[in-house]
Amino acid sequence: MKVIVTVNGSQIEAEVPDRTLLVHFLRDVANLTATNVGCDTTSCGACTVLLDGKSVKSCTVLAAQADGHEVTTVEGLADGSGAMHPVQRAFQAEHGLQCGFCTPGMVMATVSLLAENPAPTEEEVRSALEGNLCRCTGYHNIVRAVLAAAPAASERRSS
Amino acid sequence: MIPAPFTYKRASSVDEAVDLAARSGDDAKFLAGGHSLLPLMKLRLAVPEVLIDIGRIGELSYVRDDGGQILVGALTSHDELARSSVLASELPLLAHAASQVGDPQVRHRGTIGGSLVHADPAADLPAVVLALDATLVARGPSGTREIAAGDFFQSLFETVLQPGELLTEIRIPKPPNRGWAFQKFTKRAIDWAIVGVAVQGGNVALVNMGQTPVRASGVEQALAGGAGPRDAAAHAAEQTSPPADINADSGYREHLARVLVGRALEEAATRA
Amino acid sequence: MSILGTRVVRTEDPRLLTVGGTYVDDLRVPELTDAARVTFVRSPVAHARITGIDASAAREAPGVVAVLTIQDMDDLVPPPPPEPGSEVPEGAPLPLGGVWSEPLLAAGRVRYVGEPVAMVITSDSYQGEDAAELVSVDYEPLPAVIGIGTALETGTLLFDGAESNVCVTSGEATDDSIFDGCDAVIKQTIVNQRLAPMPMEGRAAAAVFSDGKLTYWVSTQNAQITRFILSGVLGMDPGTIRVIAPDVGGGFGAKVGADRDALLVAWAARKTGQPLRWVETRSENLVGMTHGRAQEQTVTLGGTSDGRILAYRLEVVQDTGAYPRMSGFLPFLTKLMAVGPYDIPHVQTAARTIVTNTTPISAYRGAGRPEATAAVERAVDLFAAAVGMDPGEVRRKNLIAPDKFPYSTPTGAVYDSGDYATALDKVLAGAGYGELRAEQARRRERGDVVQLGLGLASYVEITAADAAGGETSRLMVHGDGTATVYTGSSAHGQGHHTAWAMLVEAELGIPMANVTVIHGDTDLIPEGVGTYASRSLQLGGVAVVKAAQDVKEQARRVAADMLEAAEADLELDTERGAWQVRGDPASSRSWGEVATHAGSDGLVAFVQYIGGAPTFPFGTHLAVVEVDTETGKVRLIRHVTADDAGIVINPVLAEGQRHGGIAQGVAQALLEEMMYDADGNPLTGTLADYAAISAAELPSFELLQSETPTDVNPLGVKGIGEAGTIGATPAVQNAVVDAVRHLGVTHIDMPTTPARVWAAISAARESGEM
């Protein structure tokens, strides 16, 4: 079937098999390969993107379900001038990534979390990230990055 | 990790959904948030030939105070339930349980209708609607019918819904006793409950203690007879058939049921 | 002020954060434009003979290019049979081979669920899954050998040419006289359970065979070793093979080289003439990638009534899965590190390695050393309980004193440097141990439902065990003043690009921003060893420093020529990155000018650093847990560590390695286990069941600083990558037992799940009431 998905502000239109997962649409049709597939049981969160502003696991959404909707991936976070989003900056500043494979999903989950809870506690951050697995960092610096990003992310949303 | 091929159809209204299902044969399934169905399809444990996407039927997503009862549209997401101010004041048990389903990404997509129809006894919301004496409304080719929650869940992953019947609404009477509690015992935060307990007043329902959610009738009778929380909780495992799996054997589940029911009743008492 | 030792954020990050890494599945290089997809058909049974494979239906499926089985492998020359007497030396992480040989595609017999049986090649991955379902394989089941007990007792042998399922035996530990004179002797059997390394990126490879040359991209920890393996398997000259490690999404030891599945992709690319790409699913990864740990241990420890340990016996049975890919290497390391940081007069170790119908075992973060530490730390806690002493006191009493280094253990290790008691004291003080014990006592007094448990682990571990293999570095300073480092190390998250650039800046004064680091391409770096065994900084980093020193000396000669001065009168101002005659800043020449003057190649140095030796980082971990004694649920509320890996070059990177290691160590203690049923079916074959740890199960960690240099290498550094894992696991396990010790519990095997903890509490209560 034909689907039209607005990805990072651009309309992507394609004829795809009905069973196409959104994550594969993003990787193979929209050619945005930052979003990764880390599992096959909706467990790991590596594929997390925003669908109409809310975090979803794109491996468990059909491209057909996203037809006519808006998707934001990590590639779409930088502002017009190419400067990193506050969450991206915080992940670098706090060493919240090592191999980088879980990172796009982790960043998008964070953006969604901070949009819904602008000033979370550490416990709330850890709970909100329970669906995003990382094998490298032990989460310690990821949590620091989320907490560090919160004020600037809030400002970015209101600007 | 890829579903077997299927044909995708889309419905923009309940009538259209029922009609498409009637014409698509028994191997058609409704697709709401997809977070019960798609994971099964990706492992090829479910291979429907037709998926009817009902996710855009906006009129099925609502939470309304209808005077003596709360009406919840079947396509209301767990996240919306968790944030609903109506539920916060009238049915905090449902709001809280919805906030514990899966993780934030799952809650953004999964719906109460999808969860109930999927009928996994290890899921949270089936036990909650059982504890709340809910009525489930379904529309099919032969019309609309109302099903008591106690009659809805047949067996593991089986409800009384016929092929082509669409769950549209959950009607929940405002509980006379405001005390509530939800105890979800897991190994990790993201896991399904090893055992769970939903309490609303004197109603006690159990998660993962059988092939369907079950009411702990022994506990309820003891409470009605004036027993305190811990004494009533001693009956928690009566007439249950808890599964044995890698997380717990039946004996441990029975023990957990007793402990968690006791805790839930104590917690509910503080809110009554 | 040197940049070394300062906190520097990673240069790798902007790319990873904004456009994402380029892992094998992300490669969009021209050579792979029309790459077909590989999907494996895998055995669904643990042990069976294959009596037939029918691919006819699969070959007709949409998009199928080819279906390959063992019948198609006639283009490979089987390896020569081993020479008589040429056993794999003990301590070599090599496949045992011989009667225990492992084929590429299953050859008439399958020995574990997930073993590759056939390859389906399709235009796209969706078609691959469809077609793979149509390959029909006939299996004649054989009894499944699952569990160490069964492997030892059963009449079913996995390998026809073998006499039993025991493939390696080492050491003897039968003389009980070492325990004579001990006031107290404890004995305990311990399970160090099977784990899945589970890097977030699974296994993946892509291959193009063209004009007699193979280009091979693979998610690996060492491109050069992979090339060597490929040349043997395919019978090709290494010069005709290019191996590239793109971005790699974690390895943890399970991506050393390339395994049979990945190698098959290269073979199939040659066989079919098609560019191919293979990216496994997580379910495949959990049963197809090697597992870690899987030891059963018996510890016997004896000592005096005032806590002095006199004798320790460690007996290990290593389950190595269906094929001994590492021979007896892992238990060899376990035996080597058996005594940990303790001065124990009498030590006996013995190990057997057995095969079972499960996924093969190989290295996983720590590789043999976590097992050693977990055993002795459990034993020390049991001994402390037996003599009625505080576990911290017993440890302090037996730690090797700081003036004893280098220290030769009875097991044959030579520890280079250490200050074990200081690390222990630091952690006890930093955690407020006294206050924690007081709180524990209060809760016990009150009979609280939620009890507090404290667990210690003092450890020492061996890094760069294969230091003799060395590491390479080529350093070039270009005419524009920038520099390029070609390193044999192979980062997959460790931040080498940042750290190596720091080393160059420190040595030469070329700013980090002007230093490019390249790794993982055998065309650019034909010689190198790779990243595992926590070896990279102490070997690869030192190689960079030595190459920089070589370049410095070359530059001195060139600058002397430029300035018509004596070499002895020249100095390098590392602050400004410039050469000058001492005391005459006006004579200053930039690196670019010097490199230009050196010639069209600039300044180049190549170092193969083989002067290193194994080093022994150490430390202490303290875990604080709460245990709900009515349900058995455990919550880790604090984790305090001092991990000493010598001089710290970049604290940011070192802390990150500690955090990651701790999390995986905690996960073993509390949650993770790869489980099989008695028929060899995996019970934890997806992430819904394999309990990988998330942020919600962990606290933030409390890391204390400790830097005891080594003089084994010029940087004074040891390896930090695995230390966190090694210390964390036993600390948490000990804490859980400690929380319910007053209820009569003496031991709980890992993972200490709620069910296990509850069972231990119940059993102790019942035997207490009897």
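**Entry 1: domains of chain B**

I looked up how far apart the C-alpha centres of domain 1 of chain B and domain 2 of chain B lie, and the separation is 18 Å. The bounds, which come from an automatic or database domain assignment, are 7-53 for domain 1, 58-173 for domain 2 and 180-269 for domain 3 of chain B. I note that this is a predicted model, in which local features need pLDDT of at least 70 and side-chain atom pairs count only at pLDDT 80 or more, while totals for chains, interfaces and linings use all residues. Residues are numbered from 1 along each chain as its sequence is written, and chains are lettered from A and ligands numbered from 1 in the order in which they are written.

I then took the contacts, counting two residues as touching if their C-beta atoms, placed from the backbone, lie within 7 Å. On that basis twelve residues of domain 1 of chain B meet 18 residues of domain 2 of chain B. H1(B) gives the most to the domain 1 side, with five residues; helices here are DSSP runs of H or I with at least four residues, strands are E runs of at least two, and both are numbered from the N terminus. By class, this side of domain 1 of chain B holds seven nonpolar, four polar and one charged residue, where Ala, Val, Leu, Ile, Met, Phe, Trp, Tyr, Cys and Pro count as nonpolar, Asp, Glu, Lys and Arg as charged, and the others, Gly among them, as polar.

**Entry 2: the sheet in chain B**

**Entry 3: chain B against chain A**

I counted 24 residues of chain B in contact with 24 residues of chain A. On the chain B side, the elements that give two or more residues are strand S1 (7-10), helix H2 (37-42) and helix H6 (104-109), and H6(B) gives the most, with five residues. The side of chain B that touches chain A has 13 nonpolar, seven polar and four charged residues.

**Entry 4: chain C**

Chain C contains 18 helices and 28 strands. Its radius of gyration, taken over C-alpha atoms, is 27 Å, close to the 27 Å of the globule rule (2.2 Å times the number of residues to the power 0.38) for 770 residues, so chain C is as compact as a globular protein of that length. Along the principal axes, the C-alpha atoms of chain C fill a box of roughly 90 × 75 × 50 Å.

I found that buried residues make up 60% of the 770 residues in chain C; buried means that 20 or more other C-beta atoms, placed from the backbone, lie within 10 Å of the residue's own, while exposed means 12 or fewer and partly exposed is in between. Strand S3 of chain C, residues 64-68, is mostly covered, with four of its five residues buried. S3(C) runs antiparallel to S5(C), residues 116-122, and four bridges join them; Leu68(C) stands opposite Met119(C) in S5(C).

Which helix of chain C gives the most to the side that touches chain A? The contact takes in 42 residues of chain C and 44 residues of chain A, and helices H1 (13-18), H7 (282-288) and H16 (651-670) of chain C each supply at least two residues to the chain C side. H16(C) gives the most, with six residues. I recorded 21 nonpolar, 15 polar and six charged residues on the side of chain C that touches chain A.

Definitions and conventions: Two strands pair if DSSP finds at least two bridges between them.
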